[in-house]
2 protein chains.
Amino acid sequence: MRAPNPAGSRHLPLADTSSREGLVGAIESCGEGCGCNSKSVSAEVAAAERELANALMPPAMGGGDEDKLLQVGDVAKVSGKTVRAIHHYEELGLLQPHARSKGRYRLYDTGAVARVRWINKMHDLGLSLPQIQEIVRAWESASSAPSAMAKIRSTYQRKLEETRAQIAHMQSLERELQASIRYLDTCDACDPAEIVQACSSCHVHESEEKQPDLVAGIHGGAQRTLIKAAAAG
Amino acid sequence: MRAPNPAGSRHLPLADTSSREGLVGAIESCGEGCGCNSKSVSAEVAAAERELANALMPPAMGGGDEDKLLQVGDVAKVSGKTVRAIHHYEELGLLQPHARSKGRYRLYDTGAVARVRWINKMHDLGLSLPQIQEIVRAWESASSAPSAMAKIRSTYQRKLEETRAQIAHMQSLERELQASIRYLDTCDACDPAEIVQACSSCHVHESEEKQPDLVAGIHGGAQRTLIKAAAAG
DNA sequence: TCTTACCCTTACGTGTACGTGAGGGTTGAG
DNA sequence: CTCAACCCTCACGTACACGTAAGGGTAAGA
């Protein structure tokens with residue numbers, strides 16, 4: 001398994017991490033088919049997952065487990081993160097290798113993959129890595145299991161409410177996008193020779209209710225006209 | 001209006017910006033009642049908005065407009081951002097003051113408020129400020145208004161799809177949070193003297209389907225048990 | 001043994017969105 | 001005129017989540 005390109009693709013692109021997060025951010029490997037994007041990467045991940053599943057469990061083998069350990073690159077591939085990210089999680093105390101090889105290679109059990117997936121989801125839920133670190137620390141230093149779980153549970157409860165608020169907010173953004181697109185549809189009626197500065201005195205859209213924020217914000221001072229009209233009326 | 005505490009509250013807290021964005025991020029002033037959070041701040045904003053509306057339009061005044069200009073602090077208050085943020089947007093070319101006072105104070109028209117709101121929403125839609133800058137540049141340097149609008153429209157179209165995918169993703173997170181909370185409910189049955197390391201050999205939840213990722217990721221190697229079971233079966 | 005694809009640690013760099021003074025001038029009610 | 005509350009322009013600082021070498025060792029098929 002150290003020969004050139006053992007079974008899959010090395011140097012997978014990992015999708016450009018360049019774009020920012022905002023509220024509509026970069027999702028990678030949702031895992032379940034939630035209807036979200038990330039096609040190419042999750043395909044890669046699925047392939048990697050199958051490949052490693054075979055590597056971990058050769059056919060006709062009962063079920064030993066202590067010896068089936070992953071290298072950091074394997075964990076990275078399966079979880080859709082980079083090796084550097086895995087290292088970074090370790091620096092923050094979010095993840096520890098199960099063991100080290102003689103040559104100091106990190107060796108992970110499959111629980112590490114679950115952990116990385118968990119980190120990803122917690123991150124998607126709006127927690128920073130230091131915040132996740134806090135949760136892990138609290139968990140690890142807890143004296144009672146059920147009370148530690150209760151703490152986690154209440155964190156999840158809070159996050160559930162935040163997530164719902166977030167969904168509502170994004171749905172309002174969705175509606176505003178729709179309204180804006182509808183509004184801009186009528187720009188077809190505009191003379192192509194018209195210049196953008198003329199938009200502030202445009203009368204093409206007068207049948208529409210009112211400019212959505214996503215339209216009003218485009219022109220520098222188009223809002224003034226509306227205020228004048230309101231004051232005059 | 002320069003006397004101590006003219007009508008409102010100076011030094012409003014602005015809610016802690018400390019928490020990160022992720023996918024479930026910090027929303028401030030949604031504007032419309034979308035059911036999202038941000039109570040205290042939006043109340044402040046609403047108050048500031050009324051106050052400034054009065055300041056801009058004293059009762060019994062027709063409708064001049066060129067002279068009703070806002071200072072940067074006013075724009076900040078109404079839009080729920082900081083003065084520094086407004087300055088920052090100007091540095092990036094996203095926003096220009098309509099004029100300057102003799103003492104070089106920035107003076108904005110109400111279109112600036114619309115612009116800041118627009119920037120906020122574009123940001124919430126996942127665009128970075130440099131990306132928004134691109135859009136503004138393209139708009140301002142466009143020769144034809146309808147074609148420039150078509151460009152904006154297609155951007156909104158893309159963003160609409162991304163937003164929908166994003167909503168779907170967050171809904172899947174919501175479901176997983178619910179499932180995890182349900183799962184953790186049964187931890188009540190656990191002995192309070194139990195230690196967290198014992199969770200990996202816990203049998204309290206065996207009636208449940210399968211650990212959600214948000215549960216499996218908490219214990220370091222709890223996933224191993226499941227894999228062994230699957231291999232044995 | 002050789003070779004290639006991995007892996008190690010250390011450490012500085014990057015992009016985003018502002019925060020936070022420092023040092024000093026401006027506005028306008030009283 | 002005074003004085004509190006604004007505002008100005010630099011310009012360095014910060015938190016986050018890694019990216020990106022540099023310099024060197026390791027694992028295992030052929």
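Guide: This is a predicted model.

Visitor: Where is A:His205 placed in chain A?

Guide: A:His205 lies in a loop of chain A, the one between helix 6 (145-185) and helix 7 (213-216).

Visitor: Is A:His205 buried or exposed?

Guide: A:His205 is buried, because its relative accessible area is 11%, and the cut-off for buried is under 20%.

Visitor: Which residues does A:His205 touch, leaving out those up to four places away in sequence?

Guide: A:His205 touches A:Tyr183, A:Thr186 and A:Cys187.

Visitor: On cysteines, then: how many disulfides does a search of the whole structure find?

Guide: The search finds zero disulfides over all chains. A:Cys187, for one, is in no disulfide; the nearest cysteine sulfur belongs to A:Cys199 and is 6.5 Å away.

Visitor: Are A:Cys187 and A:Cys190 buried or exposed?

Guide: A:Cys187 counts as buried, with 8% relative accessibility. A:Cys190 counts as buried at 17%.

Visitor: Let us step back. What does chain A contain in helices and strands?

Guide: Chain A has eight helices and two strands. From the N terminus on, the order of its elements is α-α-α-β-β-α-α-α-α-α.

Visitor: What share of chain A is buried?

Guide: Of the 233 residues in chain A, 44% are buried. As for contacts in chain A with a separation of 6 or more, 53% of them involve residues 24 or more positions apart.

Visitor: Now helix packing. At what angle do helix 4 and helix 5 of chain A cross?

Guide: The axes of helix 4 (residues 110-124) and helix 5 (residues 129-140) of chain A cross at roughly 125° and come within 10 Å. Helix 4 of chain A is therefore oblique to helix 5 of chain A. Their crossing is right-handed.

Visitor: Which residues make that contact between helix 4 and helix 5 of chain A?

Guide: Helix 4 of chain A contributes A:Arg115, A:Trp118, A:Ile119, A:Met122 and A:His123, while helix 5 of chain A contributes A:Leu129, A:Ile132, A:Ile135 and A:Val136.

Visitor: In chain B, how do helix 2 and helix 4 pack?

Guide: Helix 2 (residues 72-79) and helix 4 (residues 110-124) of chain B pack at an angle of about 45°, and their axes are 10 Å apart. These two helices of chain B are therefore oblique to each other, and their crossing is right-handed. The contact is made by B:Val75, B:Val78 and B:Ser79 of helix 2 with B:Val113, B:Val116, B:Arg117 and B:Asn120 of helix 4.

Visitor: A last topic, the backbone. What is phi of A:Arg104, and what is phi of B:Arg104?

Guide: Phi of A:Arg104 is near 70°, a positive value in a residue other than glycine. Phi of B:Arg104 is also near 70°. Most residues other than glycine have a negative phi.

Visitor: Where are A:Arg104 and B:Arg104 found?

Guide: A:Arg104 is in the loop between strand 1 (99-100) and strand 2 (106-107) of chain A, and B:Arg104 is in the loop between strand 1 (99-100) and strand 2 (106-107) of chain B. A:Arg104 is exposed, with a relative accessible area of 60%; B:Arg104 is exposed at 61%.

Terms used: Residues numbered from 1 in each chain as written. Chains lettered and ligands numbered in written order. Predicted model: local features only at pLDDT ≥ 70, side-chain atom pairs only at ≥ 80, totals over all residues. Heavy atoms only, no water. Helix = DSSP H or I, 4+ residues; strand = E, 2+ residues; numbered from the N terminus. Buried < 20%, exposed > 50% of the residue type's maximum accessible area, 1.4 Å probe, protein only. Contact = heavy atoms within 4.5 Å. Disulfide = S-S within 2.5 Å. Axes fitted to C-alpha atoms, helices over the stretch in contact; angles between N-to-C directions. Parallel < 35°, antiparallel > 145°, perpendicular 65-115°, else oblique. Left-handed = near helix turned anticlockwise from the far one by under 90°.
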